[in-house]
Amino acid sequence: MANIILDELGFAYPGAPEPTLLPLSVEIKDSEAFALLGASGAGKTTLLNLLSGLLVPTTGRILFDGVDVSTRSGSQRNLAQVFQFPVLYESLTIADNLAFPLRARKAVNGFSAADIQSRVAKIAGELGIENLLKRKPKTLSLFQKQLVAIGRALMRPDVSVVLLDEPLTAVEPRTKWVLRQSLKRLQQELGVTMIYVTHDQTEALTFADRVAVMADGKILHTASPQEVYERPAHEFVGYFIGSPGMNFVAIDVAASTQMYTGNGVHESAQRLGFRPEWARLENASRQHTSSAVHWPGRVTHCQILGTQGGAPVGITAVLCDVGELKVRGPINAAAGSDVVVVVDRFVSFCDEQYLATHYTHSSSPDDLDDSANAGEE
Amino acid sequence: MALNKPYNNRAWLGVLPVLLIVSFSAVIPLMTVVNYSVQDILDFNSRFYVGLDWYRETLQDPRFIEAFGRQVLFSLSVLAIEIPLGILVARGLPKSGAWTSFLLILLAVPLLIPWNVVGTIWQIYARSDIGLLGVGLNELGLAFNYTSNPTHAWLTLIAMDVWHWTSLVALLAFAGLTSVPPAYYQAAELDGASKWQVFRYVEMPRLGGVLVIAVLLRLMDSFMIYTEPFVLTGGGPGNATTFLSQYLATMAVGQFDLGPAAAFSVIYFLFILLFCWIFYNSVMVDDAVDDAVDDAVEDAVEYVADDNEVQHHD
């Protein structure tokens, strides 16, 4: 277990016109569950390969507990990795697979056969795979194989960091959450530093203590899942995280000065963004004060995601002058009807960067849907 | 997993063409030989049934036993060199890039040369009067002459076979090695595996299947070798490099001893069959090789099996 510091770490493939990874700095604390989230091509695999020693950084340093390991090989960094598909030694039993990393380093760590055996029993017990120990990998399902692969990564008690490269890709959707929970529980119990690379925001947000959102070879935002969700440092983060992502509206000061300045929006703000659940729908006939953040529009379609107290809830898409806005809550307006989108809370951006969070004062007693935001807050 | 397949016995008719072709190309000729092997054929009109006499005689024939011993020694020697060397060459090849194709083509060249040409090439190459190798060795002070020294003749033959066939093993092993996903190497590296462990636990399980094929091919081929030694040494000096097939040819074509030659052929055939069978069965109990061979089937049923597993877990 180690504290990991990436210091101005950057990478460019030789001859490539643009660097794959722009110099970035981030600190991953000891025993932290850290997630790297980004679409494909964001540079997260490059970052992972730099961490695992497959690539050597072109700029900057990687520090494990203050020691520069940038040019060390993967085995010298004492780290473990779980891959997209289960990687096991096919000719060895599950028990021997688990024991492998300890046996291979016997000369260094001085483990006795008994130590190794008790560690195998412990890890197998944690993962609930004791009954598989005598079997060969080929008799296991993909799910079980990946469990074993995770177990093997956790075998070394002194491992500095466990890298997880989209470990749930090959696993069936139905068993993903089981594996994810096992991982999370083990991470907490064993206190292992884990770096989880994924393009799946649900995985990242539920697994990690902190998430780094990557795009175009940069880390745009590093923070707790809640922070990343509620106060995205960059417009892309707001757009990328959440399903659907944030609504964005360009601020046209000339048209509605009162609406923005009344809510304390700084004059440099260029756009505002709000989560679908931060807004609600009201009758088109209702009057609003000029400081209420609201736009009239027409419902284009609804997507029912479930029910709440017997009433359908989901996403309503409304076409307004400022673009299509999505609102989460009770679905009580049919497609084609005229409504007003009222925003209770939003964030403002300048040059795509986060400026501030604003709470509006537009709530009124005869709102269409009082319960709309109850579940989300 | 029980699949309800409809059974239709008319499908057997579809096998008929294959059956006919195999009958005429293999079974009938083989049976003719078996037929000859139990008769003493003096000329076309006078033949006598002699039972297993020819078999008994062949197995007791000192020249057969010597040739057989030489044959086994030759096969084992070339296998012992070609298999490890082939793996070594395959491991040394770059996995991708411009060099790979070039080297693969270069490796394939010996396989494309007709066998009697290979014999001729080495016959000249190793000659102590004009051959590059022979003259070179003599210049170095080694009195090399494969036409008079049995050991030199053997070394030349083995060198020729290694030159001719190591490529085959290397190409097969290379195909096996490229099937190892890079993540397996990466995982082994992070686990702290030594080079030997990487070979033993990452590469060997994947190589098993192709190596079985390579050994079988080389075992059969080297056991039946005829053309190259015939061209290179003609079985000499003396009988030092007379292998089974050459002895057989002398017997059947040279001396026209059809009965003994037929019995010889059947014994020869049965030995090759026996060796292959023993080898195949002895390696197939090993899980690792089994895995590699079954892999394709395994992958196909994996998803179905997974589904079942998932239901158990639920």
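The pLDDT is the predictor's confidence in each residue, on a scale from 0 to 100. The structure described here is a predicted model, and chain A averages a pLDDT of 85, with 93% of the residues scoring at least 70. Among the elements of chain A, the highest mean pLDDT, 92, belongs to strand β8 (residues 194-198) of chain A, and the lowest, 72, to helix α10 (residues 257-261) of chain A. Where pLDDT is low, the predicted coordinates should not be read in detail.

Chain A is divided into two parts, domain 1 (4-235) and domain 2 (243-373). The C-alpha centres of domain 1 of chain A and domain 2 of chain A are 40 Å apart. To the contact between them, domain 1 of chain A contributes 5 residues and domain 2 of chain A contributes 9 residues. On the side of domain 1 of chain A that touches domain 2 of chain A, the residues comprise 2 nonpolar, 1 polar and 2 charged.

An open sheet in chain A is formed by 4 strands in the order β2-β1-β4-β5, with antiparallel pairing. Its edge strands, each of which pairs on one side only, are β2 (21-28) and β5 (67-68) of chain A. Strand β1 (residues 4-11) of chain A runs antiparallel to β2(A) and is joined to β2(A) by 5 bridges. In β2(A), L24(A) is the bridge partner of L9(A).

Chain B contains 13 helices and 2 strands. Of its 314 residues, 28% count as buried. Among contacts in chain B with a separation of 6 or more, 71% are between residues 24 or more positions apart.

The buried residues in α3(B) are F64(B), A67(B), R70(B), Q71(B), F74(B), S75(B), V78(B), E82(B), G86(B), I87(B) and A90(B). The cover over these buried residues of α3(B) includes helices α2 (53-60), α7 (150-178), α9 (195-223), α11 (244-254) and α12 (258-284) of chain B.

Definitions and conventions
Residues are numbered from 1 along each chain as its sequence is written. Chains are lettered from A and ligands numbered from 1 in the order in which they are written. This is a predicted model: local features need pLDDT of at least 70, side-chain atom pairs count only at pLDDT 80 or more; totals for chains, interfaces and linings use all residues. A residue is buried if 20 or more other C-beta atoms lie within 10 Å of its own, exposed if 12 or fewer, and partly exposed in between; C-beta atoms are placed from the backbone. Two residues are in contact if their C-beta atoms, placed from the backbone, lie within 7 Å. Domain bounds come from an automatic or database domain assignment. Ala, Val, Leu, Ile, Met, Phe, Trp, Tyr, Cys and Pro count as nonpolar, Asp, Glu, Lys and Arg as charged, and the others, Gly among them, as polar. Two strands pair if DSSP finds at least two bridges between them.
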